[in-house]
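Look at the charged and aromatic side chains in the structure below. The text then goes through their contacts in turn.

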Amino acid sequence: MSVFVLLFNARTDNEGIYSTQVGDRNVILMFAQEDDALRYADQLEAEDFPKPTVEGIDPEEIEEFCQDSDYDCILVTAEMLVTPPSQNLEETDWQPEGRKQSRSDDKPGDDSIDLEAMRKRLERLL
């Protein structure tokens, strides 16, 4: 079985995986369905994030990466409603190709309510 993750600058030396912050933890979203990952990628782009690439990958590989990086991961199924945050990090471990690194037009904390709501919805599903 494969899961689908979002990568920025896929297959380059500057590759980065999409994660979101829930509380004080970085969480990688693993999508069970490619269509859901593609839809989420489109939503990210609509929020003025760099365009991610959807890649299928073995879930054990992601879980191992998360353990090594002290990240969490969540499997997003078709029944779950997840929406991207409206604010990007000001600093990332990778650099968007040809784009600014921060989005200063957003107010700090705009996504904290959305993330908390998302966390609660995800916890109810587990």
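What follows covers the salt bridges and then the aromatic rings.

The model is predicted, so local features need pLDDT of at least 70 and side-chain atom pairs count only at pLDDT 80 or more, while totals for chains, interfaces and linings use all residues. Residues are numbered from 1 along each chain as its sequence is written, and side-chain values use heavy atoms, with hydrogens and water left out.

Side chains of opposite charge can pair when their charged atoms come close. A salt bridge here is a side-chain nitrogen of Lys or Arg within 4 Å of a carboxyl oxygen of Asp or Glu. The structure holds 6 of these salt bridges.

One of them joins E55 and R11, whose closest N and O atoms are 2.6 Å apart. This pair links distant parts of the chain, 44 residues apart: E55 belongs to strand β5 (residues 53-57), and R11 sits in the loop between β1 (3-8) and β2 (16-17). Helices (H or I, at least four residues) and strands (E, at least two) are DSSP runs, numbered from the N terminus. The two partners are classed by relative accessible area: buried means under 20%, exposed over 50%, and partly exposed in between (1.4 Å probe, protein chains only). E55 counts as buried because its relative accessible area is 17%, whereas R11 counts as exposed because its value is 65%.

R25 forms a salt bridge with D70, with 3.3 Å between the closest N and O atoms. Here too the pair links distant parts of the chain: R25 is in strand β4 (residues 25-31) and D70 in the loop between α2 (59-69) and β6 (72-76), 45 residues apart. R25 also meets D72 in a salt bridge, at 3.0 Å from N to O. That pair connects strand β6, which holds D72, to strand β4, which holds R25, across 47 residues. Together, R25, D70 and D72 are linked in a network of salt bridges.

The aromatic rings come next. Rings of Phe, Tyr and Trp (its six-membered ring) pair if their centres lie within 6.5 Å; planes under 30 degrees apart count as stacked, over 60 as edge-to-face, and the rest as tilted. By this rule there are 4 aromatic pairs. Among them is the tilted pair of F31 and Y40, with 5.4 Å from centre to centre and 50 degrees between the planes. Both F31 and Y40 are buried. Ring pairs link F31 and Y40 with F8 and Y18 into a cluster.
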